[in-house]
Amino acid sequence: MALLLKGGEAAAAMNEKTAARVAALTAAGVVPTLAVVRMGAREDDLSYERGVMNRCAKLGIQVKHCLMEADASQDQLLEVIRDINRDNSIHGCLLFRPLPAQINDKAVREALAPEKDVDGITDASLAGVFTGSGVGYAPCTAQACVEILDHYGIPLEGKRVTVVGRSLVVGKPAAMLLDRKNATVTICNSRTRNLPELCRQADVLVVAMGKRGAIGGDCVAPGQVVVDVGIHTDENGKLCGDVRFAEAEPVAAAITPVPGGVGAMTTSVLAAHVVEAAGKGI
Ligand code: NAP
């Protein structure tokens, strides 16, 4: 039986440290504050927002909502972002994406000040992930993958890691964060040949494909650590991942469950980023 890498456990350890930092900042007169910018009311956004609000409330982080109609203009959204940049009482900004069709995603992302980019959406933040310059923040999901591995003491230095997926939200930044841990990283995409072989070769397999149950037992090797980033709903309405858990779990040494794995950590990483940003201001 594989060890279950539980996001909730790793998150609890992280939240404890974050709460202590919030207490110290608040005592110094700084209340860590996150602006949440949402256009319209997509169910996915609302559900994540509830998780963020819950986490922030428990940690003493203030949330300021900037809610807009789904048909608001790009200029209106840019004005909201510029207001956030100017407001010294706001330390981080979470912008829900994808944005409606009338909005130029890149123009809006780039309008956000990198020091408030706690979800790693600006090019400056992504460059920071690549260079380790400390500008901006890593995308929360990508960092959550590494935090879970760290929490369970999974060694990465000198290990072979295969990352399936190369999105800017998960795959590529996760690969860069793992590279910074001195792992030897292979990044796979939809045109990769021999995917099962590349997966089996890895000591640690990180799957961020966005395809329900696409990774089966043929991709998992005995003794491997598997991190499943995917989140889907199966035909019975239950949450499941990119990995076929029932096939992978008996083979792997350790595996993140879905739900209760990477997804259970992302709001804690976001909260930690807000608090780090607030700490830089004093
Ligand atoms: P995405 O933007 O759709 O990217 C998927 C990546 O997988 C792409 O790079 C794609 O390659 C690659 N891919 C697709 N089919 C492949 C194949 N057959 N072989 C190898 N690579 C293949 O998805 P994402 O935003 O990175 O998200 C990935 C998953 O994570 C989704 O299920 C999403 O719901 C989940 N997610 C979870 C959280 C969380 O909190 N747990 C947060 C964000 C996302 P190409 O580049 O060649 O197309």
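**Entry 1: helix α7**

I began with α7 and found that G171, P173, A174, A175, M176, L177 and L178 are buried there. I noted at the outset that the model is a predicted one. Because seven of the 10 residues of helix α7, which runs over residues 171-180, are buried, I recorded the helix as largely enclosed by the rest of the structure. I then looked up what these buried residues pack against, and I listed the helices α5 (123-131) and α6 (140-151) together with the strands β5 (160-164), β6 and β7 (204-207). Past the helix I checked the backbone and saw that α7 is followed by N182, whose phi is positive, near 70°.

**Entry 2: N194**

I moved on to N194, which I placed in the loop between β6 (184-188) and α8 (195-200). Its relative accessibility is 52%, and since exposed means over 50%, N194 counts as exposed. I also took the C-alpha to C-alpha distance from N194 to C219, and it comes to 9.9 Å for two residues that are 25 residues apart in sequence.

**Entry 3: the aromatic pair**

I searched for aromatic pairs and the structure holds one. It is formed by Y48 and F96 in an edge-to-face arrangement, with 6.3 Å centre to centre and 90° between the planes. Y48 lies in helix α2 (residues 43-59) and F96 in the loop between β4 (92-95) and α4 (105-111), so I noted that the pair ties together parts that are 48 residues apart in sequence. I looked up the accessibility of both partners: Y48, at 26% relative accessibility, counts as partly exposed, whereas F96, at 7%, counts as buried.

**Entry 4: the chain as a whole**

Along the principal axes, the C-alpha trace spans about 50 × 40 × 40 Å. Buried residues make up 49% of the 282 residues, and when I took the contacts with a separation of 6 or more, I found that residues 24 or more positions apart account for 69% of them. The chain exposes about 12,900 Å², of which carbon and sulfur atoms supply 52%.

Key:
Residues are numbered from 1 along each chain as its sequence is written. This is a predicted model: local features need pLDDT of at least 70, side-chain atom pairs count only at pLDDT 80 or more; totals for chains, interfaces and linings use all residues. Side-chain values use heavy atoms; hydrogens and water are left out. Buried means under 20% relative accessible area, exposed over 50%, partly exposed in between (1.4 Å probe, protein chains only). Contact means heavy atoms within 4.5 Å. Accessible areas come from the Shrake-Rupley method with a 1.4 Å probe; for residues, only the protein chains shown count as cover. Rings of Phe, Tyr and Trp (its six-membered ring) pair if their centres lie within 6.5 Å; planes under 30 degrees apart count as stacked, over 60 as edge-to-face and the rest as tilted. Helices (H or I, at least four residues) and strands (E, at least two) are DSSP runs, numbered from the N terminus.
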